[in-house]
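Work through these exercises with the structure open beside you. Try each task before you read its solution.

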Amino acid sequence: MVDWRWDFVWEILPRLLQATGNTLIAAIAGYGIALVLGLFLALGQRTPYRIVTLIIREVVEFIRSTPLILQIFFIFYVGPQFGIRLSPWMSGMIAIGLHYACYLSEVYRGGIESVPRGQWEAATALNMSTLQKYRRVIIPQAIPSALAGMGNYLVGIFKDTPMLSVIGVAELIHTANAIGSENYRFLEPYTMVGLIFLAISLPTAGLIRAFEGYVRRKLGM
Amino acid sequence: MENMSQYPLEITGDPRPMVSFRKVRKAYGSLVVLDDLDLDVAAGEMVSIIGPSGSGKTTVLRMLMTLETINSGVIYVDGKPLTHMPKNGKLIPANQSHLRERRADIGMCFQHFNLFPHMTALENCMEGPVQVLGMPKAEARDRSEELLELVGMIGKKDQHPSRLSGGQQQRVAIARALAMRPKVMLFDEVTSALDPEVIGEVTNVIRKLVSEHNLTMLMVTHQMGFARDISDRVCFFYGGKIEEQGPPAELFGNPKKERTQKFLSAVKEAI
């Protein structure tokens, strides 16, 4: 017989919801960093300067090939040796942002490369500057095909936030652990955490798909 | 190293050619696409370029639009070097800002139209004037609507390209290029991707441009009848060189070179 106690669920729910807020903040802030930084990493790989392209490509490859948790540890525990002292929150968001920026840069790159060469040529024929080409012609067309990937990584970041618990960020898993060890009851907190993740991930994925369709229609594609 | 002093810093004289290729060479590795091309196009002249595929004819237009670099020689537009710029009394390869300045004289229409799919027909036409020329939106809108009227597309100005037929897209593309007020217009096989029944609507627009506007035009085409009708001069390209050129009546009616004769009779058989 499973010993499930509803009164305990109601008791811990406020704490879990507060942790949900923290989780969302970490996910959204990390995603924001990743979105912006990823774009720079993608564009940086398209400059005419071979050396810049090469360095960025190697850094991206390196970060993508090592575990996120190692990067979190590195920033939080090794950073101070180099005089970089960050709170768990800051370390976590920077690590997540940086890690996912590398994945997103590949998504952007794929999106940019999906724009036909004729579009670049038409933009050249209109005498646009490089910046105008990207801003007015290429990126607007790259976004619809990049949106699916961008959405997947939003959900991915959200699901990776529990890794921040290892440096003491009070997100969902960290809180559930705390509740569990205070009360010697793990069933309810962990189950609730699973349900909360599900309740946020599923609608988010649906919303992203709807948004993708909306953007395509809006751009007349 | 090429001796650049053989090329003038500027072509002067009256009348001077609107476009001038001087010993222009283009090769991809060992494949020579254009071999020391010399070609002058006068202001207001309509020149058609014909020839078998692989003869380098499209490359001529693409080099002029600066979509392709050249290996040697110099291209001049309106007397000024396009591919090069003067520095300390010598011509050196053009930098980006020189290209941007000189490219403003040239407009181009492509085989596959290349309209911006995320913009309406009107927005496609306004994009260059507003973003590149810095024209106020109202003025750009007026000019674009005028041009869409000219190409018979004003009724579809708020449609996105995906809602337009090939012929309609190509007419919008012509209006978009004209909106930049180029001195030279390039047409690169603009009817090749079209269904036969809509070719006429595009060629009619080009006919109108020829008869009503004093634009310099270079056109690569497979439509011999059209080239014959509207060109001042026809150039037959073969193996990266101009094999034969002349007024259309002469080149089509009485071709002198054997290769021209062969090409023209092969084309005739295909029709």
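Predicted model: local features only at pLDDT ≥ 70, side-chain atom pairs only at ≥ 80, totals over all residues.

**Exercise 1.** Explain why E11(B) counts as largely enclosed by the rest of the structure.

*Solution.* 
- Step 1: Recall the cut-off: a buried residue has 20 or more other C-beta atoms within 10 Å of its own.
- Step 2: Apply it to strand E11 (residues 233-238) of chain B: five of the six residues are buried.
- Step 3: Therefore the strand is largely enclosed by the rest of the structure.

## Chain B as a whole

**Exercise 2.** Compare the radius of gyration of chain B with that of a compact globule.

*Solution.* 
- Step 1: Count the residues: chain B has 271.
- Step 2: A compact globule with 271 residues would have a radius of gyration near 18 Å.
- Step 3: Chain B has 19 Å, which agrees.
- Step 4: The C-alpha trace spans about 55 × 50 × 40 Å along its principal axes.
- Step 5: In chain B, 47% of the 271 residues count as buried.

**Exercise 3.** Describe how domain 1 of chain B meets domain 2 of chain B.

*Solution.* 
- Step 1: Domain 1 of chain B is 4-105 + 182-270, and domain 2 is 113-181.
- Step 2: Their C-alpha centres lie 25 Å apart.
- Step 3: Each domain gives 10 residues to the contact.
- Step 4: On the domain 1 side, helix H6 (residues 196-212) of chain B gives the most, with four residues.
- Step 5: Sort that side by class: eight nonpolar, no polar and two charged residues.

## Where the chains touch

**Exercise 4.** Which helix gives the most to the side of chain A that touches chain B?

*Solution.* 
- Step 1: The contact joins 18 residues of chain A with 22 residues of chain B.
- Step 2: Helix H5 (117-125) and helix H6 (130-160) of chain A each supply at least two residues of chain A's side.
- Step 3: H5(A) gives the most, with six residues.

Methods. Residues numbered from 1 in each chain as written. Chains lettered and ligands numbered in written order. Buried ≥ 20, exposed ≤ 12 C-beta atoms within 10 Å, placed from the backbone. Rg over C-alpha atoms; globule rule 2.2 N^0.38 Å. Contact = placed C-beta atoms within 7 Å. Domains from an automatic or database assignment. Nonpolar A, V, L, I, M, F, W, Y, C, P; charged D, E, K, R; others polar.
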